[in-house]
Structures are given as C-alpha cells and as structure tokens.
Amino acid sequence: MSQTILILGGTKEAAELAEKLVLELPQARIISSLAGRTKEPSPVAGEVRIGGFGGAEGLARFLTQNNITRLIDVTHPFAKNISKNAKIAAVNTGIKLEIRTRQPWQKSQDDLWIEVTTLEDARKAIPIGARVLLALGSQYIDIFKTRSDVHFIVRMVDEPSTQLSLPNHQIIIGKPGDIEDETALLKQFSITHIVCRNSGGQGAYAKIEAARALKIPVIIIGQNT
Ligand code: NAP
C-alpha cells in the first residue's frame with residue numbers, strides 16, 4: 001500500500017526531511033504543511049499546503065480525508081499549539097505521530113548567556129544604552145517599545161507591513177547567515193547584546209557562535225515560554 005505522509009513543517013529541518021522522503025519514497029505522497037508565517041517560503045520538495053487546519057479537529061479531518069499514513073511533527077520548537085493539536089489529532093484518528101522537533105541549544109562554558117523565560121524578562125535584562133540585535137519574530141517586538149534608551153537592530157525575514165513601534169531602531173531584512181556573516185553583522189552595527197529565543201537546530205546557531213567568539217552577551221528566552 002502506498003504511503004501518504006504529512007510533515008508539519010515550516011523549518012529548515014522539515015524542508016530537508018521532505019526532500020529526503022521524496023527521493024527515498026518515490027511512490028509515496030509527501031505533503032508538507034506550512035503555517036503561512038512567511039510571505040515567500042523557501043521551496044519545499046513534494047506537495048505543499050499552507051495555512052491552519054482549524055485546530056486539532058480540523059487537522060484530524062485533514063488526516064482522514066487525505067488518507068494520511070504517517071504524521072511527522074518537524075515544526076518550530078516554539079510553535080506549541082500545532083504540536084499539541086498534532087498529538088490530539090493523532091490519538092483521535094489512530095495515526096502514528098513521529099515527533100522530530102529540535103532540542104534547545106546547550107550553553108557552552110564560553111557563552112555569555114543571560115537566560116530568561118519571558119519576553120518581559122528579556123526586555124528588563126537589556127542594560128541601559130545597549131545596542132541590541134533583536135532576532136525575534138515580528139509579533140514579539142512590540143514589548144520592547146518602552147526601551148527608548150536602547151538602539152535596536154531588528155532582523156526580519158519579511159519587510160514589516162506597518163512601522164515598528166520601537167522608538168530607536170534599524171531594520172535588516174534577511175535570514176540568519178553563517179558564522180562569518182553573523183560576525184560581520186555584529187561588528188558592523190557595534191552590537192553589545194543579542195536578544196533571541198533558544199530555538200535549537202543549526203539554522204540560527206551561527207549568531208550564538210559569533211557572539212561567543214566576540215564575547216557578546218546573549219539574552220536568551222527558553223522554550224518553556
Ligand atoms: P503555533 O502557535 O503552534 O500555531 C498557531 C496556529 O497556526 C496553529 O494552531 C495552526 O492553526 C497554525 N499552524 C502552525 N504551524 C502550522 C503548520 N506547520 N501547518 C499548518 N498550520 C500551522 O505556531 P505559530 O503561531 O506558527 O508560531 C509559534 C512560534 O513558532 C512563533 O514564535 C513563530 O515565530 C515560531 N515559528 C513558527 C514557524 C511555523 O512555520 N509555524 C516557523 C518558524 C518559527 P490551526 O489551529 O488553525 O490548525
């Protein structure tokens with residue numbers, strides 16, 4: 001019997017898995033599901049569907065209607081709702097769920113991490129007058145608007161549709177680079193602190209390595225938020 005595999009994706013690892021499965025299982029139907037958070041997502045091998053399912057019930061319906069035989073969760077570790085919905089939908093449909101979400105980064109002894117659990121604590125942890133690389137999704141930036149003493153360099157994948165509420169900022173459009181790119185960026189903008197989430201995986205890790213080498217503190221928000 002041919003398989004139909006649904007990958008809950010939106011991450012680099014999910015795209016890599018889709019590519020691997022398309023090559024390894026030419027008879028199978030491989031569907032990747034994206035939340036639709038980025039305007040121009042990178043190409044993904046196999047079929048792609050975009051947008052929410054309508055909660056756990058909607059996901060269960062999709063699984064049944066499309067005769068899904070394998071469900072694989074490779075979503076972002078901070079995307080907690082879809083992972084929760086996947087567990088419920090898997091139980092309710094009897095379809096096996098494979099969880100392949102990333103583990104958080106581990107602090108090495110040379111990392112200057114200030115570990116926090118909420119965005120609010122991240123905001124409080126920024127020293128007066130800092131120059132901060134804010135590497136967070138656009139929906140998490142508003143909370144920093146009270147820090148008019150801080151200069152923010154905001155890295156975003158897409159151009160924001162409305163003006164950012166931060167009083168003192170510059171925007172860089174782009175994805176995280178390799179260690180050379182990240183080192184150059186931290187130096188170019190005289191960054192004194194990074195604020196980011198502990199997303200795990202390789203895709204966004206270079207900034208952590210660059211900060212370590214340059215002895216720049218990283219205010220890092222844990223995954224339990
Ligand atoms: P979420 O809070 O887990 O999901 C919210 C809703 O979005 C889900 O209930 C679901 O809607 C829909 N959704 C999420 N992922 C989906 C997927 N792969 N396919 C189809 N629908 C999906 O996740 P989020 O709001 O997307 O993101 C939460 C955090 O993860 C954010 O911090 C975000 O920056 C980060 N993140 C997410 C992605 C991503 O692709 N989702 C990628 C990178 C980073 P329904 O209930 O209607 O099904």
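# Close-up views of a predicted model

**View 1. The shell around the ligand by residue class.** By class, 7 nonpolar, 11 polar and 4 charged residues make up the shell around the ligand. Ala, Val, Leu, Ile, Met, Phe, Trp, Tyr, Cys and Pro count as nonpolar, Asp, Glu, Lys and Arg as charged, and the others, Gly among them, as polar. The model is predicted, so local features need pLDDT of at least 70 and side-chain atom pairs count only at pLDDT 80 or more, while totals for chains, interfaces and linings use all residues. Residues are numbered from 1 along each chain as its sequence is written, and side-chain values use heavy atoms, with hydrogens and water left out.

**View 2. Residues and elements around the ligand.** Of the 22 residues around the ligand, those that come nearest are Ser-33, Arg-37, Phe-53, Tyr-140 and Arg-197. A residue is near a molecule or strand if one of its heavy atoms lies within 4 Å of it. Strand S2 (29-34) and helix H3 (80-93) each supply at least two residues of this shell, and H3 gives the most, with 4 residues. Helices (H or I, at least four residues) and strands (E, at least two) are DSSP runs, numbered from the N terminus.

View 3. A polar side-chain atom of Arg-197 lies 2.4 Å from an oxygen atom of the ligand. For Asn-81, a backbone N or O atom is 2.9 Å from a ligand oxygen atom. For Asn-85, a polar side-chain atom is 3.5 Å from an oxygen atom of the ligand. The ligand taken alone exposes 800 Å², and the protein buries 81% of that. A polar contact is a pair of N or O atoms within 3.5 Å; within protein, one must be able to donate a hydrogen and the other to accept it, and residues adjacent in sequence count only if both atoms are side-chain atoms. Accessible areas come from the Shrake-Rupley method with a 1.4 Å probe; for residues, only the protein chains shown count as cover.

**View 4. The largest nonpolar core.** This core has 20 residues, and Ile-194, Ile-208 and Val-218 have the most contacts inside it. Two or more residues each come from strand S7 (131-135), helix H5 (179-188), strand S10 (193-197), helix H6 (206-214) and strand S11 (218-221). H6 gives the largest share, 3 residues. A second, separate core of 18 residues includes Phe-144, Phe-152, Val-154 and Leu-166. A nonpolar core is a set of buried Ala, Val, Leu, Ile, Met, Phe, Trp, Tyr and Cys residues joined through side-chain atoms within 4.5 Å. Buried means under 20% relative accessible area, exposed over 50%, and partly exposed in between (1.4 Å probe, protein chains only).

**View 5. Ile-194 and its contacts.** Not counting residues up to four places away in sequence, Ile-194 touches Leu-133, Leu-186, Lys-207, Ala-211, Ile-216, Pro-217, Val-218 and Ile-219. Contact means heavy atoms within 4.5 Å.

**View 6. Helix H6 and the residue after it.** Ala-206, Lys-207, Ile-208, Ala-210 and Ala-211 are the buried residues of H6. These residues pack against strand S6 (113-116), S7, strand S8 (151-156), H5, S10 and S11. Lys-215 follows H6 and lies in the loop between H6 and S11. The phi of Lys-215 is near 60°, a positive value in a residue other than glycine. Lys-215 has a relative accessible area of 64% and is therefore exposed.

**View 7. Ser-190 in a loop.** Ser-190 is found between H5 and S10, in the loop. Its phi is near 45°, a positive value in a residue other than glycine. Ser-190 is partly exposed because its relative accessible area is 45%.

**View 8. Asn-198 between S10 and H6.** Asn-198 lies in the loop between these two elements, S10 and H6. With a relative accessible area of 8%, Asn-198 is buried. The Asn-198 side chain reaches the backbone nitrogen of Trp-105 at 2.7 Å. Leaving aside neighbours within four places in sequence, Asn-198 is in contact with residues including Phe-78, Pro-104, Trp-113 and Ile-220.

**View 9. Asn-66 in a loop.** Asn-66 sits in the loop between helix H2 (55-65) and strand S4 (70-73). Asn-66 counts as buried, at 18% relative accessibility. Leaving aside its neighbours within four places in sequence, Asn-66 is in contact with Thr-4 and Arg-29.
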